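Please keep the sequence and the 3D view open as you read.

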Amino acid sequence: MTGADLLLLALGAVAVGAGVLVVTTKHLVRAGLYLVVCLGALAGDYLVLGAELVAWVQVLIYVGAVVVLLLFAVMLTRAPIGASDDLDRPGWPAALIGGGAGLGLSALLVDTYRWSAVALPDAGTAERLGEQLFASWVLPFEVLSVLLLSALVGAVVLSRPDIGRRNEDAPAPAEELAAGGRR
């Protein structure tokens, strides 16, 4: 076992541990910070595997944008950040479903490859990755960017109590226009 293998296993263990902490913590902000650790460990795994471009995209897109957007939206909406007794549910159904799905996927993986070596394709370049991304995957890429933008706009709208509410003392828009007022 080489040093790269040991580093890959250590970073994988950090990613799995942080992932477990993400789903088991009761504090939302801490879950977001554990997610940063998990995604950073995955970026380290990509670096060990020699995929530098994918590692930096992981850091820039997921760690730098998605997690910051998540934390920004949580703090903008003034949602309860700490543990809440009225929202806690028993964790055993989720653990049962997650464990069953994990065992099923593991059995499928073992059955598919039967522990045989798989021939890897040639190493990719940034040029080939860009061609694939912008030729085949441009629509999902743009849909994801619109989804993230709408999440940010929704967080801003939810954080502003004056948007969408009507003042009871103010005249209705039809009455205001009939009286010659401008909006």
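## How the pocket is defined

On a 1 Å grid over the protein atoms alone, a pocket is an open set of points with protein on both sides within 12 Å along at least five of seven lines. Its lining residues have an atom within 4 Å of a point. Grid points are joined across faces, edges and corners, and the volume is the space filled by probe spheres set on the points.

This is a predicted model, in which local features need pLDDT of at least 70, side-chain atom pairs count only at pLDDT 80 or more, and totals for chains, interfaces and linings use all residues. Residues are numbered from 1 along each chain as its sequence is written, and side-chain values use heavy atoms, with hydrogens and water left out.

## The largest pocket

The largest pocket has a volume of about 660 Å³. It is lined by 21 residues, and those closest to its centre are Val-57, Ile-61, Tyr-62, Leu-133 and Phe-141. Two or more lining residues come from each of helix 3 (52-76), helix 5 (126-136) and helix 6 (138-159).

Helix 3 gives the most to this lining, with eight residues. By class, the lining has 18 nonpolar, three polar and no charged residues. Here Ala, Val, Leu, Ile, Met, Phe, Trp, Tyr, Cys and Pro count as nonpolar, Asp, Glu, Lys and Arg as charged, and the others, Gly among them, as polar.

## The chain as a whole

The chain has seven helices and zero strands (DSSP runs, numbered from the N terminus: H or I of at least four residues for helices, E of at least two for strands). Buried residues, meaning those under 20% relative accessible area with a 1.4 Å probe and protein chains only, make up 11% of the 183 residues.

Among contacts (heavy atoms within 4.5 Å) between residues at least 6 apart in sequence, 59% join residues at least 24 apart.

## A look along helix 3

Helix 3 has 25 residues and reaches 34 Å from its first C-alpha to its last, close to the 36 Å expected at 1.5 Å a residue; that expected span is 1.5 Å times one less than the number of residues. Its buried residues are Ala-55, Gln-58, Val-63, Val-67, Leu-69, Leu-71 and Val-74. Helix 2 (28-49) and helix 6 are among what covers them.

What does Gln-58 touch, not counting residues up to four places away in sequence? Gln-58 touches Leu-39, Leu-42, Ala-43, Tyr-46 and Val-63. The relative accessible area of Gln-58 is 7%, so this residue counts as buried.

Conventions:
On a 1 Å grid over the protein atoms alone, a cavity is a set of points where a 1.4 Å probe fits but cannot get out, and a pocket is an open set with protein on both sides within 12 Å along at least five of seven lines; lining residues have an atom within 4 Å of a point. Buried means under 20% relative accessible area, exposed over 50%, partly exposed in between (1.4 Å probe, protein chains only).
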